[in-house]
Amino acid sequence: MALAATLLAGLPVWAAEGDPGRGEEIYQRCVACHTLAHNRVGPRHCGLFGRKAGTVPNYQYSPAMKKYGVTWNDETLDRFLENPLKTVPGTKMGYAGVKDPQERADLIAYLKRATANPEICK
Amino acid sequence: MSAIDTTPRRSFLSGFGKITLSTTAIALLAGQEHLALVGSASAQTASNDAAILNSALGAEQQAIAAYQLGAESGLLQKPVLELAVQFQGHHKQHADALAKAVQKLGGKPVTPLKDYSFAKEKLKSQKDVLAFAASLEKGAVSAYLGAVPILADRDLARAAASILGDEAMHWAVLRQALGQNPVPDAFVS
């Protein structure tokens, strides 16, 4: 047991397994600026996984996000969501971040599920 | 800013005695925007605060458009329509204040989108409109909760917290109108 706890403690934070149902609730914090299917204050989330940062068509990104250069996946999203302004200084996302690692994992799990739904992301 | 606007606020602030306004806040409150970037707040700090307030401004503009959609839907009974117009008026006041603050911080206020692509086809009843508005108000509460701790100027943070309180009240009233527990939790997130 002690060994298992030690091994688990060594896992990267983003390796936490996410609950998409809980993530859907957490996503409600985002809806003042984001939707899955449409650009609003923030860019749309459909197509997020595997997309290079700062490349959604018809969305006016900050210069900082255009230059960021990462491809969005579990790890890069986890890092950004924890502290957007620290990760990408100059981003338009004026938000402190999702500080709880489990909440970030839940949110990412939801985004992965929702953006794979062809009814939402046509 | 007029004397009518500033005097009560200064009185309120001085009443606490221990509050020290930053150079930026003093200049903003006094309407002396040319002084706003001088002193303890650096230009970079002001730029960051302007970007954060611009995000909030964008959310306010979206809320104004959403309430307009609801008001023009023909689905709202008169008392609910009056409430929606009142809430929209609050959002207009928030947007106006935020736009002025962004300008005074040296930023360029964002402008409303031409089309928010709201899911109009899903609004078929008053309940649908109320639920739509409630979701945006909850999102706005979360957005301000995420903005308040990262605003460098504490007086701007306090102003943002003041708006957060107003939007939380909107959310509670809308939940009540939907027959839901208006205040479901002790904390918002």
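## Cover of helix α6 in chain B

In this predicted model, the elements that cover the buried residues of α6(B) include α3 (43-71), α4 (78-104) and α5 (126-147) of chain B, where helices are DSSP runs of H or I of at least four residues, strands are runs of E of at least two, and both are numbered from the N terminus. Those buried residues are B:L156, B:A159, B:A160, B:I163, B:L164, B:E167, B:H170, B:W171 and B:L174; a residue is buried if 20 or more other C-beta atoms lie within 10 Å of its own, exposed if 12 or fewer, and partly exposed in between, with C-beta atoms placed from the backbone. An α-helix has 3.6 residues a turn, so residues three or four places apart point the same way.

Helix α6 of chain B covers residues 154-177, and its 24 residues should span 34 Å at 1.5 Å a residue, which agrees with the 35 Å between its end C-alpha atoms; the expected span is 1.5 Å times one less than the number of residues. After α6(B) comes B:G179, whose phi is positive, near 80°.

## The side of chain B that touches chain A

Contacts, defined by C-beta atoms that are placed from the backbone and lie within 7 Å, join 20 residues of chain B to 15 residues of chain A. On the chain B side, the elements that give two or more residues are α3 and α5, and α5(B) supplies the largest share, nine residues.

By residue class, this side of chain B divides into ten nonpolar, nine polar and one charged, with Ala, Val, Leu, Ile, Met, Phe, Trp, Tyr, Cys and Pro counted as nonpolar, Asp, Glu, Lys and Arg as charged, and the others, Gly among them, as polar.

## Chain A

Chain A has six helices and zero strands, and from the N terminus its elements run α-α-α-α-α-α. Of its 122 residues, 36% count as buried, while residues 24 or more positions apart account for 53% of the contacts in chain A with a separation of 6 or more.

## Confidence and conventions

The model scores ipTM 0.84 and pTM 0.82. Chain B averages a pLDDT of 84, and 78% of the residues score at least 70, pLDDT being the predictor's confidence in each residue, from 0 to 100. The pLDDT is below 50 over residues 1-21 of chain B, a stretch with ten contacts beyond near neighbours in sequence, and also below 50 over residues 29-40 of chain B, where there are 24 such contacts.

Residues are numbered from 1 along each chain as its sequence is written, and chains are lettered from A and ligands numbered from 1 in the order in which they are written. Local features need pLDDT of at least 70 and side-chain atom pairs count only at pLDDT 80 or more, whereas totals for chains, interfaces and linings use all residues.

Methods: Contact = placed C-beta atoms within 7 Å.
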